[in-house]
Amino acid sequence: SDRKAMLLQALENDEFYLLYQPKLQLRTGKVIGAEALLRWEHPVIGTISPLDFIPFAEETGLIRPIGEWVLRSACKQNKMWQEMGLEPLTMAVNLSASQLFQGDIAEKVENILKEMELAPEYLELEITESMTMDVEFVLPMLRKLKQIGVSISLDDFGTGYSSLYHLKEFPIDTIKIDRSFVRNCTIDAKDATIVKTIIAMAHQLKLEVIAEGVESKDHLIFLQQNLCDEGQGYLFSKPVSATGFAENMRAFE
Ligand code: G
Ligand code: G
Ligand code: MN
Ligand code: NA
């Protein structure tokens, strides 16, 4: 189809790029990681959001080469930042469902880390609950990935289905509280309770917890008071280019 040809061409013509958003340790205010976020710059249409092409890329199988491009580029960038002398960061990459259903995803990840000479502790994979339909197949994949030494976070936590089941079964390291709960946590008692309860549950399960969509000083204070480990959001930085990110890091230091 036309759309498939367009996506293939995008890969060939280097129309994809990544933006990076910092993750901060809330206790210290230190930047400890980054999330890589995919963008498509089409020569005629302009910037296209992953929301508008990832589902199609999944249907057509093109998510495989695109996902591999994202992993390789994000790991390469992380290595470059280390070589520039920035404090080492954990780079988070979003994995889509069909990438986890590739039988060889762990080998792919391992090869990319080797190729980039990046230690596995500096890579984190964000998975969403909607993708976790077939636990029996996904679980061995996640275990293999964990064996390599990368970490795994459960993205958009609380919005998927049977969240607690996944929390129990999957070898995850971090819960990402969905930004829909964070948005009104300082003004809505229900959201406040949900956020506090997710933080407490994460800690009792010996998991780290990060809040997404931290947009205000009030959000930050609430999250710090409730001992949320990390935060990510427009208050700290919107997603920026690799160059912009490195400049911000230097400014933070
Ligand atoms: O960056 P933005 O908010 O526009 O991202 C929109 C959605 O696209 C988010 O849900 C995010 O997780 C997803 N996304 C961003 N980059 C990638 C990527 O490289 N791979 C996949 N599968 N999803 C991504
Ligand atoms: O689903 P995922 O968490 O991967 O989506 C990340 C997306 O969230 C990015 O596309 C980014 O643009 C968006 N985002 C990041 N910080 C904020 C924020 O503070 N507020 C809102 N509304 N969106 C954010
Ligand atoms: Mn994410
Ligand atoms: Na999310």
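At roughly what angle do the axes of helix α3 and helix α5 cross, and within what distance do they come? In this predicted model, the axes of α3, residues 63–83, and α5, residues 105–116, cross at roughly 30 degrees and come within 10 Å. The crossing is right-handed. On the α3 side, the contact is made by Glu68, Leu71, Arg72, Cys75, Lys76 and Lys79. Helix α5 contributes Lys108, Val109, Ile112, Leu113 and Met116. Sorted by class, the residues of this contact are 6 nonpolar and 5 charged, with no polar ones.

Along the principal axes, the C-alpha atoms fill a box of roughly 50 × 45 × 35 Å. Buried residues make up 35% of the 253. As for contacts between residues at least 6 apart in sequence, 63% of them join residues at least 24 apart.

The ligand comes next. Around ligand 1 are Leu37 and Leu38, the run Ser49, Pro50 and Leu51, then Ile54, Val70, Asn94, Ser96 and Pro239. Val70 is one of the residues around ligand 1, and its number falls within the 63–83 range of helix α3. By class, the shell around ligand 1 has 7 nonpolar residues, 3 polar and no charged. The contact of α3 with α5, in turn, has 5 charged residues and no polar ones.

How values were computed:
Residues are numbered from 1 along each chain as its sequence is written. Chains are lettered from A and ligands numbered from 1 in the order in which they are written. This is a predicted model: local features need pLDDT of at least 70, side-chain atom pairs count only at pLDDT 80 or more; totals for chains, interfaces and linings use all residues. A residue is buried if 20 or more other C-beta atoms lie within 10 Å of its own, exposed if 12 or fewer, and partly exposed in between; C-beta atoms are placed from the backbone. Two residues are in contact if their C-beta atoms, placed from the backbone, lie within 7 Å. A residue is near a molecule or strand if its C-beta atom, placed from the backbone, lies within 6 Å of it. Ala, Val, Leu, Ile, Met, Phe, Trp, Tyr, Cys and Pro count as nonpolar, Asp, Glu, Lys and Arg as charged, and the others, Gly among them, as polar. Axes are lines fitted to C-alpha atoms, for helices over the stretch in contact, and angles run from 0 to 180 degrees between N-to-C directions. Helices (H or I, at least four residues) and strands (E, at least two) are DSSP runs, numbered from the N terminus. A crossing is left-handed if the near helix is turned anticlockwise from the far one by less than a right angle, and right-handed if clockwise.
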